[in-house]
Amino acid sequence: FFFSSRRRHTRYISVTGVQTCALPIFSLLLAINADFSWKHIEYLLQNSSKKLNCANYCPNSMPYDSLINCQKNCCHNETNVCAAGIIDAYNALTLAMNENFNHVLLDVDDYFIPLDSNNRFSKTITVKNWGFIGGLVKFSSDNPHIYAYPSEFYIDAAKNLRTPAIQKVTLYSAIPKWSQKNNIIFTAINDDIQAMVSLDPF
C-alpha cells in the first residue's frame, strides 16, 4: 500500500492522499484510540512506513518541469522529505499503541487562500498544535512581500487528543498582480515539522 502525506496546495499538509486500498488501516488505528485526529494518524503512518527514496518518488519519467519541482520540494541529499512511502500496518499499529506524541504536530485551518481581484489580501488563519509538547514556530514565505503577524511565536502543547493548542496569525500583503502560487510555511523549530498554506491568484 502506498501512502503520501502530500496534501493539496501544501508541501506537508491538506487532505491526506491515500489510495482506497490503504484506508482499512485508518479503522484499525481508530480502534486503538477513537480520539486520534487525522494529524495523529498522518504522523503514525509517516513514521511507520517504509520510505521511498528520491529516485522512486521523483522518477526521471516525469515531465521535466514536474521533475525539477519534485526534486526541489521533496529531495534533500537523496532523502525524500515529502514522507511518501509504503504502509507497514504492523509497524503503524505498534507505534499507535506506544506513541505519546511528544512532538509539535503543526496544522493550519486553511490550505488555500485566493487573492482578491488586485491580488491583495489580509486574512487571519489558525495555526494548530496537535502534539503534547509546545515549541517555537517561525513563519517563512517564498515571496518576500507576504508577511505574517506574529511571524514568530511559541505555541502551547495540545490539551488532549481532541483539543489542539491554537495561535491566530494574520497574513497580509499589498503587492498587486502576482501571477504564480506563493507558499507560506510555519516551521516548528525543535522538530522541523512544517505546515504550509498556498496563495493563488484568481
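A nonpolar core is here a set of buried Ala, Val, Leu, Ile, Met, Phe, Trp, Tyr and Cys residues joined through side-chain atoms within 4.5 Å, where buried means under 20% relative accessible area, exposed over 50%, and partly exposed in between (1.4 Å probe, protein chains only). This is a predicted model, in which local features need pLDDT of at least 70 and side-chain atom pairs count only at pLDDT 80 or more, while totals for chains, interfaces and linings use all residues. Residues are numbered from 1 along each chain as its sequence is written, and side-chain values use heavy atoms, with hydrogens and water left out.

**Nonpolar cores**

The largest nonpolar core has 23 residues, and those that touch the most other members are Leu106, Val108, Val127, Leu171, Ile184 and Phe186. At least two residues of this core come from each of β7 (106-108), β9 (121-129), β10, β12, β13, β14 (182-188) and β15 (193-200); strands (E, at least two residues) and helices (H or I, at least four) are DSSP runs, numbered from the N terminus. If residues up to four places away in sequence are not counted, valine 127 touches Leu106, Asp107, Val108, Phe153, Ile155, Ala165, Ile166, Gln167, Val169 and Phe186, contact meaning heavy atoms within 4.5 Å. A second, separate core is made of 15 residues, including Ile41, Leu44, Ile87 and Phe101.

**The open sheet**

Four strands form an open sheet of 4 strands in the order β7-β9-β13-β11, with antiparallel pairing, two strands being paired if DSSP finds at least two bridges between them. At its edges lie β7 and β11 (147-149), each of which pairs on one side only. Direction ignored, neighbouring strands of this sheet are turned by 30° against each other on average, the axes being lines fitted to C-alpha atoms (for helices over the stretch in contact), with angles that run from 0 to 180 degrees between N-to-C directions. The antiparallel pairing of β11 and β13 extends over 3 bridges, and tyrosine 149 has threonine 170 in β13 as its bridge partner.

Serine 37, in the loop between α1 and α2, counts as buried at 11% relative accessibility. Its side chain is joined to that of histidine 40 by a polar contact of 2.9 Å, that is, a pair of N or O atoms within 3.5 Å, of which, within protein, one must be able to donate a hydrogen and the other to accept it, residues adjacent in sequence counting only if both atoms are side-chain atoms. Apart from neighbours within four places in sequence, serine 37 is in contact with Trp130 and Leu161.

**Salt bridges**

A salt bridge is taken as a side-chain nitrogen of Lys or Arg within 4 Å of a carboxyl oxygen of Asp or Glu, and the count by this rule comes to 3.

| Pair | N to O distance |
|---|---|
| Aspartate 35 and arginine 162 | 2.6 Å |
| Lysine 39 and glutamate 42 | 3.1 Å |
| Glutamate 152 and lysine 138 | 3.8 Å |

Glutamate 152, in strand β12, and lysine 138, in strand β10 (residues 135-141), are 14 residues apart and link distant parts of the chain. Glutamate 152 is partly exposed at 43% relative accessibility, and lysine 138 is also partly exposed, with a relative accessible area of 36%. Lysine 39 and glutamate 42 are both buried, and since they are 3 residues apart in helix α2, about one helical turn separates them. Aspartate 35 counts as partly exposed at 32% relative accessibility, whereas arginine 162 is exposed at 57%.
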